[in-house]
Amino acid sequence: RYMGASLRDAVTIGFDASPGLRVRDRCIGALKSKLLPILLESCVNSPFRVRYNLYQAVVFAALVLGAHCSGLANLYRHSTSFFSTLVLAVIASVFPHVKALEGNARLTAVGASMRVSTLEVDWLATHAFLTVLQSTGYKALREGHTGIAINCTILHLEGVLKGLQEQGGSGGHQMEDSRVKWLRNVARAAFNAHLRTLRC
């Protein structure tokens, strides 16, 4: 649907009070719109495909964020702290949404299950945002007023990703190297030619 297009032409930019909070809510909304139960259901999808679908949803949300920031760039300077907080808020919303879907009474009644760990979700979401922020889709933003905020966020996410791989998540369970390698293969496949053509 969006192949070769600019997402800025497909989103409604809000210029009213608290535009930053509106951007956050719309990015989380875009993320949830792509995380449909059928795409995460482990009985229907392979473990690879569940994580593939999750990664693509976060990539789309990151591109939507870029589209909003691009639209607001001429009126607002995005502070480093706010931009980083915005990105982390979107990342933090992924796993709770997955768990909420898993706990849905209708889905539970039909035996639906979504077998993906918090650590893997956090890794995939962080890696997806990091990949998009460094992609050609964000090139104009990195070279504009938002560049410092984006580059600082990239450095922060690199540290977060390293921490997830070395120390593990809140449960303290470190991921094996083979698992990280497998997740990188998922990420490489998910960030495919179609998503590469999208621009903010």
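This is a predicted model: local features need pLDDT of at least 70, side-chain atom pairs count only at pLDDT 80 or more; totals for chains, interfaces and linings use all residues.
His97 is buried, with a relative accessible area of 14%. Its place is in helix H5. Leaving out residues up to four places away in sequence, His97 touches Lys32 and Leu35.

**Zoom out**

Show the whole chain as a cartoon. The protein has eleven helices and zero strands. From the N terminus on, the elements run α-α-α-α-α-α-α-α-α-α-α. Of the 200 residues, 50% count as buried. Now consider contacts between residues at least 6 apart in sequence: 78% of them join residues at least 24 apart.

**The largest nonpolar core**

Select Leu54, Leu65, Phe83 and Phe129. Among the 57 residues of the largest nonpolar core, these four touch the most other members. Which helices each supply at least two residues of this core? They are helix H1 (19-34), H3, H4, helix H5 (94-102), helix H7 (118-133), helix H9 (147-166) and H10. The largest share, 14 residues, comes from H3.

Stay on Leu65 and display its surroundings. Neighbours within four places in sequence aside, Leu65 is in contact with Val23, Cys27, Phe83, Leu86, Val87, Phe129 and Tyr138.

**Helix H4**

Next, select residues 80-92, which make up helix H4. This helix has 13 residues. From its first C-alpha to its last it reaches 18 Å, close to the 18 Å expected at 1.5 Å a residue.

Colour the buried residues of H4: Phe83, Ser84, Leu86, Val87, Val90 and Ile91. Look down the axis of H4: the buried residues fall within an arc of 155°, so they line one face of the helix. An α-helix has 3.6 residues a turn, so residues three or four places apart point the same way. Turn to the face of H4 away from its buried side. What is carried there? The exposed residues Ser81 and Thr85.

**Helix H9**

Move on to H9. H9 has 20 residues and reaches 29 Å from its first C-alpha to its last, close to the 28 Å expected at 1.5 Å a residue. Its buried residues are Gly147, Ala149, Ile150, Thr153, Ile154, Leu157, Leu161, Gly163, Leu164 and Gln165. What do they pack against? Bring up H4, H7, helix H8 (139-142) and H10, and you have the partners.

**Met175, between H9 and H10**

Select Met175, found in the loop between H9 and H10. Is Met175 buried or exposed? Met175 is buried, with a relative accessible area of 7%.

Draw a distance from Met175 to Leu119. Their C-alpha atoms are separated by 8.1 Å, and the two residues are 56 apart along the chain. Not counting residues up to four places away in sequence, Met175 touches Leu119, Glu120, Trp123, Leu164, Gln165, Val180 and Leu183.

**The rings**

Now show the aromatic side chains. The count comes to two aromatic pairs. One of them is Phe48 with Trp182, an edge-to-face pair: 6.2 Å centre to centre, 70° between the planes. Phe48 lies in helix H3 (residues 47-72) and Trp182 in helix H10 (residues 177-190), so the pair ties together parts that are 134 residues apart in sequence. Phe48 is partly exposed, with a relative accessible area of 28%. Trp182 is partly exposed too, at 22%.

Ring pairs link Phe48, Tyr52 and Trp182 into a cluster.

**Charges over rings**

Arg49 lies over the face of Tyr52, at 4.2 Å from the ring centre. Then select Lys34 and Phe60. The charged end of Lys34 sits over the ring of Phe60, 4.7 Å from its centre.

**Last stop: Asn45**

Finish with Asn45. Its place is in the loop between helix H2 (37-40) and H3. Asn45 is buried, with a relative accessible area of 14%. Which residues does Asn45 touch, not counting those up to four places away in sequence? Select Ile38, Leu39, Leu40, Val50 and Asn53.

One more distance to draw: Asn45 to Met114. The two are 69 residues apart in sequence and 9.6 Å apart in space, C-alpha to C-alpha.

Terms used: Residues are numbered from 1 along each chain as its sequence is written. Side-chain values use heavy atoms; hydrogens and water are left out. Helices (H or I, at least four residues) and strands (E, at least two) are DSSP runs, numbered from the N terminus. The expected span of a helix is 1.5 Å times one less than its number of residues. Buried means under 20% relative accessible area, exposed over 50%, partly exposed in between (1.4 Å probe, protein chains only). The arc is that of the directions from the helix axis to the C-beta atoms. Rings of Phe, Tyr and Trp (its six-membered ring) pair if their centres lie within 6.5 Å; planes under 30 degrees apart count as stacked, over 60 as edge-to-face and the rest as tilted. A charge sits over a ring if NZ of Lys or CZ of Arg is within 6 Å of the ring centre and within 35 degrees of the ring normal. A nonpolar core is a set of buried Ala, Val, Leu, Ile, Met, Phe, Trp, Tyr and Cys residues joined through side-chain atoms within 4.5 Å. Contact means heavy atoms within 4.5 Å.
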